[in-house]
Amino acid sequence: AVSTRFAAADLGASSGRVMVGRAGPGVLDLTEVHRFANESVRLAGTLHWDILALARGVLDGLRAAGPVTSVGVDSWAVDYGLLDASGALLGNPVHYRDARTDGVAERLATRLGPERLYATTGLQQLSFNTLYQLAAASGTPQLDVARWLLLIPDLLVYWLTGEIGAEVTNASTTQLYDVRRRAWATDLMADAGIRPELFPPLREAGSRIGPVLPALGLPGAPDVVAVGSHDTASAVVGVPASGQHFAYISCGTWSLVGVELDAPVLTEASRRANFTNESGVDGSIRYLRNVMGLWLLQESVRAWGGADLPDLLRRAAAEPAFRSVVDPDDPAFLPPGDIPARVAQACRRAGEPVPTTPAATVRCILDSLALAHRRAVRQAQQLSGRHVDTVHVVGGGARNSLLCQLTADACGLPVLAGPVEATALGNVLVQARTAGAVGGDLAALRALLRETQHVVRYEPRGTEAAWRAAEDRMAG
Ligand code: ADP
Ligand code: LRH
């Protein structure tokens with residue numbers, strides 16, 4: 001029946017998709033109705049998102065979805081579009097991997113005080129946090145005349161409904177949001193020279209935003225509902241965990257590695273370990289760290305002019321383990337470019353054997369990612385006091401059985417892999433709850449996931465000593 005169908009538009013850094021989810025008691029399934037590439041555009045010295053291509057992809061997908069009860073939009077974090085007072089988009093959103101933020105974080109954090117920044121926002125220092133992007137854009141005509149700043153999913157929601165707002169889970173990634181007061185950090189904005197009026201009123205995941213504008217011609221003019229609009233927030237809703245003793249790895253372009261908590265951890269040790277406290281659905285805290293993730297693999301494949309990924313992974317699996325390890329979180333890997341050459345350079349610098357074939361490079365990347373997963377899972381436990389007995393891997397990385405097995409081995413814990421589309425499922429579940437099609441808290445939503453979604457279990461193999469030695473090599 002129509003009343004149980006929901007459309008989830010999920011924009012990842014590598015692709016966008018519109019999925020139709022059916023949800024109800026004992027029922028949860030997804031059908032992909034449209035997938036489109038997300039290709040950045042370097043023009044006039046700046047790396048941009050192709051926001052209109054993404055908007056077209058969402059609209060085409062929503063038309064293909066047919067009648068639905070509601071629509072939810074999520075995307076990657078931190079990036080934004082600026083609107084003028086008439087609601088027109090000013091310029092084209094800039095990609096977080098653009099070089100405009102080089103050196104900005106160091107300067108600004110020193111001025112504002114890294115301890116104060118962490119105490120207020122709970123956020124990890126990433127060079128591309130919205131705070132630093134805005135500092136980099138300071139004094140530009142666009143920013144000077146802007147009336148509103150809308151994060152990417154909020155921008156799409158604005159185009160769909162005409163409503164201005166900022167959904168909380170994504171607002172929490174800006175480093176301009178007060179994690180304890182659950183409000184915009186207006187004092188911090190003022191001290192950073194950023195106009196607080198740019199930021200629209202906050203809205204909570206689960207709230208109704210308004211009907212899709214009739215001019216867009218979607219069947220039945222469904223409501224748009226606020227979901228965990230940060231893709232990672234929706235992915236964590238979509239983790240099929242039972243109980244509290246789990247870590248998650250939302251594994252796509254990035255690996256987001258951590259635990260779910262009731263309250264932020266704002267200790268000095270946590271700040272130094274660069275763990276983040278992002279706001280999750282239902283007031284939860286996503287206590288995690290960004291690990292460079294499958295970007296390293298994606299971007300390598302691009303440098304090689306394309307490759308058959310399953311075949312490449314088979315060959316990587318046959319390579320010897322731990323021949324070379326690098327620290328995936330080396331900032332040298334952040335910008336687009338020749339990742340295999342940078343991996344080779346990092347190996348050379350660290351005195352590791354330099355991989356000479358694509359298979360050896362991929363093996364180095366996956367061993368290193370598994371080690372970085374291990375480091376983050378362990379630190380998340382130490383710093384939060386939350387004990388973990390299972391690691392859930394969701395997102396596209398759940399299809400990479402070599403990485404899942406290596407992660408189980410590295411962590412010394414079972415890995416439960418799947419669902420691949422946890423983000424779209426989390427998006428659908430929040431909408432379904434708002435519509436009354438399903439009920440309950442996150443635990444109840446996860447029980448429905450366990451009942452309906454397929455997961456693959458990987459048991460840890462090998463010895464702790466070997467992984468510890470490799471981790472020491474990675475740390476240099
Ligand atoms: P994002 O949401 O950041 O765009 P996804 O969660 O869609 O990312 O994950 C994309 C990643 O999933 C790709 O970079 C790729 O490494 C991995 N992936 C996709 N399909 C496969 C496959 N068949 N086998 C192994 N890995 C895959
Ligand atoms: C993953 C993600 C991650 C952010 C990054 C910018 O898609 O949203 O949580 O840190 O993109």
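The expected span of a helix is 1.5 Å times one less than its number of residues. Helix α14, residues 358-384, has 27 residues and reaches 38 Å from its first C-alpha to its last, close to the 39 Å expected. The structure described here is a predicted model. This briefing treats its helices, annotated domains, ligand shells, nonpolar core and selected residues.

- Helix α14 is mostly covered, with 21 of its 27 residues buried.
- Directly after α14 comes Gly385, and its phi is positive, near 75 degrees.
- Helix α18, residues 464-475, has twelve residues, and its first and last C-alpha atoms span 16 Å, close to the 16 Å expected at 1.5 Å a residue.

**Domains annotated in UniProt**

- An unreviewed UniProt entry lists residues 68-238 as "domain: Carbohydrate kinase FGGY N-terminal".

**Surroundings of the two ligands**

- Ligand 1 is surrounded by 17 residues, and the closest are Gly12, Ser14, Gly252, Thr253 and Gly396.
- The elements that give two or more residues to this shell around ligand 1 are α11 (295-303) and α12 (309-317).
- Helix α12 gives the most to the shell around ligand 1, with three residues.
- By residue type, the shell around ligand 1 holds six nonpolar, ten polar and one charged.
- Ligand 2 is surrounded by 13 residues, and the closest are Trp76, Ala77, Asp231, Thr232 and Trp254.
- The shell around ligand 2 divides into seven nonpolar residues, five polar and one charged.

**The largest nonpolar core**

- The largest nonpolar core has 149 residues, of which Ala7, Val71, Val257, Ala380, Val393 and Leu429 touch the most other members.
- Helix α14 supplies the largest share of this core, 13 residues.
- Leaving out residues up to four places away in sequence, Val71 touches Ala7, Ala9, Leu62, Leu160, Val212, Pro222 and Val224.

- His48 lies in strand β5, residues 46-48.
- His48 counts as partly exposed because 16 other C-beta atoms lie within 10 Å, whereas a buried residue would need 20 or more.
- Apart from neighbours within four places in sequence, His48 is in contact with Ser40, Val41, Leu43, Asn92, Pro93, Val94 and His95.
- Although His48 and Gly91 are 43 residues apart in sequence, their C-alpha atoms are 9.9 Å apart in space.
- Thr31 is found in strand β3, residues 27-37.
- Thr31 is exposed because 11 other C-beta atoms lie within 10 Å, and the limit for an exposed residue is 12 or fewer.
- Beyond its neighbours within four places in sequence, Thr31 is in contact with Met19 and Val20.
- Thr31 and Arg272 are 241 residues apart along the chain, and their C-alpha atoms are separated by 42 Å.

**Backbone features in loops**

- Gly418 and Pro419 are joined by a cis peptide bond, with omega at about 0 degrees.
- Pro419 belongs to the loop between β21 (415-417) and α16 (422-434).
- Arg182, a residue other than glycine, has a positive phi near 55 degrees.
- The loop that holds Arg182 runs between β11 (177-178) and β12 (183-184).
- Arg182 is partly exposed, with 14 other C-beta atoms within 10 Å.
- Ala221 is likewise a residue other than glycine with a positive phi, near 40 degrees.
- Ala221 has its place in the loop between β14 (208-211) and β15 (223-225).
- Ala221 is exposed because 12 other C-beta atoms lie within 10 Å, and a residue with 12 or fewer is classed as exposed.

Technical notes: Residues are numbered from 1 along each chain as its sequence is written. Chains are lettered from A and ligands numbered from 1 in the order in which they are written. This is a predicted model: local features need pLDDT of at least 70, side-chain atom pairs count only at pLDDT 80 or more; totals for chains, interfaces and linings use all residues. Helices (H or I, at least four residues) and strands (E, at least two) are DSSP runs, numbered from the N terminus. UniProt positions are given in the numbering used here, feature names are shortened, and annotations may be inferred rather than shown by experiment. A residue is near a molecule or strand if its C-beta atom, placed from the backbone, lies within 6 Å of it. Ala, Val, Leu, Ile, Met, Phe, Trp, Tyr, Cys and Pro count as nonpolar, Asp, Glu, Lys and Arg as charged, and the others, Gly among them, as polar. Two residues are in contact if their C-beta atoms, placed from the backbone, lie within 7 Å. A nonpolar core is a set of buried Ala, Val, Leu, Ile, Met, Phe, Trp, Tyr and Cys residues joined through C-beta atoms within 7 Å.
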